[in-house]
Amino acid sequence: MITKKIAVGIPTGLEARPVAMLVQVASQYESSIYIEDGSRKVNAKSIMGMMALGLGSGVSVQVTVSGEDEESAAAAIEKYLKSEA
């Protein structure tokens, strides 16, 4: 299991389009991927869950990845969240 604290670098935060892209990235992997903001923990493969978080730019989240491809999944999620997509 990999756990990382990552600051959202996407200028608009995680609104509709960036959330859809994040879910696409997460769905490419077999691993379980969860994003946590305070007491709220959401499956990164759930578009409705991710939209409910409403994360803005600069917000730090905890990403937890567990599974066979966890290293590559964690790297891809971190790269996307830090991007300026």
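These legends walk you through several close-up views of one predicted model.

Residues are numbered from 1 along each chain as its sequence is written. Local features need pLDDT of at least 70 and side-chain atom pairs count only at pLDDT 80 or more, while totals for chains, interfaces and linings use all residues; side-chain values use heavy atoms, with hydrogens and water left out.

**View 1. An open sheet of 4 strands.**
Follow the order S1-S4-S2-S3, with antiparallel pairing. Strands pair if DSSP finds at least two bridges between them; strands (E, at least two residues) and helices (H or I, at least four) are DSSP runs, numbered from the N terminus. At the edges sit strand S1 (2–7) and strand S3 (40–43), each pairing on one side only. From one strand to the next, the twist averages 25 degrees. Axes here are lines fitted to C-alpha atoms, for helices over the stretch in contact, and angles run from 0 to 180 degrees between N-to-C directions.

**View 2. Strand S1 with its partner S4 and helix H3.**
S1 and strand S4 (residues 60–66) are antiparallel and share 6 bridges. Look for Lys-4, whose bridge partner in S4 is Val-63. Helix H3 (residues 70–82) lies across S1, strand S2 (32–37) and S4, and runs at about 5 degrees to S1.

**View 3. The largest nonpolar core, with 27 residues.**
Such a core is a set of buried Ala, Val, Leu, Ile, Met, Phe, Trp, Tyr and Cys residues joined through side-chain atoms within 4.5 Å. Buried means under 20% relative accessible area, exposed over 50%, and partly exposed in between (1.4 Å probe, protein chains only). Among the residues with the most contacts inside this core are Leu-14, Met-50 and Leu-81. H3 gives the largest share, 6 residues. Leaving aside neighbours within four places in sequence, Leu-14 is in contact (heavy atoms within 4.5 Å) with Val-8, Val-19, Leu-22, Met-50, Leu-55 and Leu-81.

**View 4. A network of salt bridges linking Lys-4, Glu-78 and Lys-82.**
A salt bridge is a side-chain nitrogen of Lys or Arg within 4 Å of a carboxyl oxygen of Asp or Glu. Glu-78 counts as buried because its relative accessibility is 19%, whereas Lys-4, at 30%, counts as partly exposed. Glu-78 also forms a salt bridge with Lys-82, their closest N and O atoms being 2.9 Å apart.

**View 5. The salt bridge between Arg-40 and Asp-37.**
Here the side chains meet at 2.7 Å, N to O. Arg-40 is partly exposed, at 36% relative accessibility.
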